[in-house]
Amino acid sequence: MTAPHADYQLSQLDQLEAESIHIFREVASEFEKPVLMFSGGKDSIVMLRLAEKAFYPAKIPFPVLQVDTGLDFPEVLETRDRWVNRLGVKLVVASIDEAIANGVVVDDGKTSRNRLQIGTLLNAIEENGFTAAFGGGRRDEEKARAKERVYSHRDEFGQWDPKNQRPELWSLYNGRIHEGEHMRIFPISNWTELDVWDYIRREEIEIPNIYFSHQRRVFERDGMLMTETPLNPLRTGEVAEERTVRFRTCGDITLTGCVESTASTVDEIIEEISVARLTERGATRGDDRFSEAAMEDRKKEGYF
């Protein structure tokens with residue numbers, strides 16, 4: 001009679017988690033001053049949960065950095081504060097309003113707050129001396145992000161050259177940098193939107209309630225449903241009405257659209273996105289619709 005044996009094969013989600021935790025530990029041991037870029041959205045919250053696991057029972061050994069556009073959803077900021085307080089991590093806020101007041105970036109009345117994040121972020125990295133910055137980018141989100149390595153080198157100006165990325169054969173990461181340079185690190189690069197939601201369900205992770213179905217006054221602009229707010233006044237011909245919607249991604253309230261949905265639980269959201277044909281950025285982020293290369297152009301300048 002054959003003796004039973006344990007199955008030591010990890011599930012896909014366990015493999016992704018193990019890879020991400022390995023990346024967090026590698027960066028913490030290799031770089032002098034890392035930081036985790038934290039927007040309060042689902043991807044950055046999943047990263048914070050992975051970092052918590054990577055160093056437990058010790059505290060997370062680096063701060064979190066948020067670039068405050070001044071146009072963030074209140075629900076997102078509330079969730080951010082609860083996570084930061086629970087974990088006892090240091091929160092560094094880089095405010096675009098302060099950056100404008102200090103002459104770090106120039107508000108010409110035409111440039112979106114999303115693009116003004118670039119100079120604000122680079123200034124915060126330089127001022128604080130951060131040598132590595134964790135980001136929540138995933139390769140399935142957008143074409144430019146599909147070009148990223150896990151360790152994404154940025155030069156002394158904080159810029160990214162997609163043609164000059166280091167090979168990562170056998171998941172070996174080259175973190176060597178010169179003074180003034182830094183690395184962007186993407187621990188969940190190999191995850192998909194569905195993987196993120198499966199992990200949220202498994203770990204019972206708290207996320208902002210705008211990800212779930214709710215009633216909201218919205219109007220249609222450029223094929224997207226936008227939130228009615230004094231920050232985003234209606235244009236001629238636009239009419240606001242109350243609909244049942246949810247958000248697939250969080251960002252600048254004036255550029256982030258929502259989708260009509262009745263998915264009010266994580267299970268219902270997983271069922272919904274399992275058949276979705278567009279990524280969350282492609283479906284709901286106005287800043288990615290300016291041109292085919294909008295994201296890549298911003299990333300070359302220093303964007304997330």
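Predicted model: local features only at pLDDT ≥ 70, side-chain atom pairs only at ≥ 80, totals over all residues.
Tutor: Residues are numbered from 1 along each chain as its sequence is written, and side-chain values use heavy atoms, with hydrogens and water left out.

Student: Why is E204 called exposed?

Tutor: Exposed means over 50% relative accessible area, buried under 20%, and partly exposed in between (1.4 Å probe, protein chains only). E204 has 74%, so it counts as exposed.

Student: What makes S171 partly exposed?

Tutor: Its relative accessible area is 40%, so S171 gets the in-between label. S171 sits in the loop between β5 and β6, and has a positive phi of about 55° without being a glycine.

Student: How do you know that the span of helix α1 agrees with what it should be?

Tutor: Helices are DSSP runs of H or I, at least four residues, numbered from the N terminus. The expected span is 1.5 Å times one less than the number of residues. For the 19 residues of α1 (12–30) that gives 27 Å, and the end C-alpha atoms are 27 Å apart, so the two agree.

Student: Which residues of α1 are buried, and why say they line one face?

Tutor: They are L13, L16, E17, S20, I21, I23, F24 and V27. Looking down the axis of α1, these buried residues fall within an arc of 155° (taken from the directions from the helix axis to the C-beta atoms), so they line one face.

Methods. Helix = DSSP H or I, 4+ residues; strand = E, 2+ residues; numbered from the N terminus.
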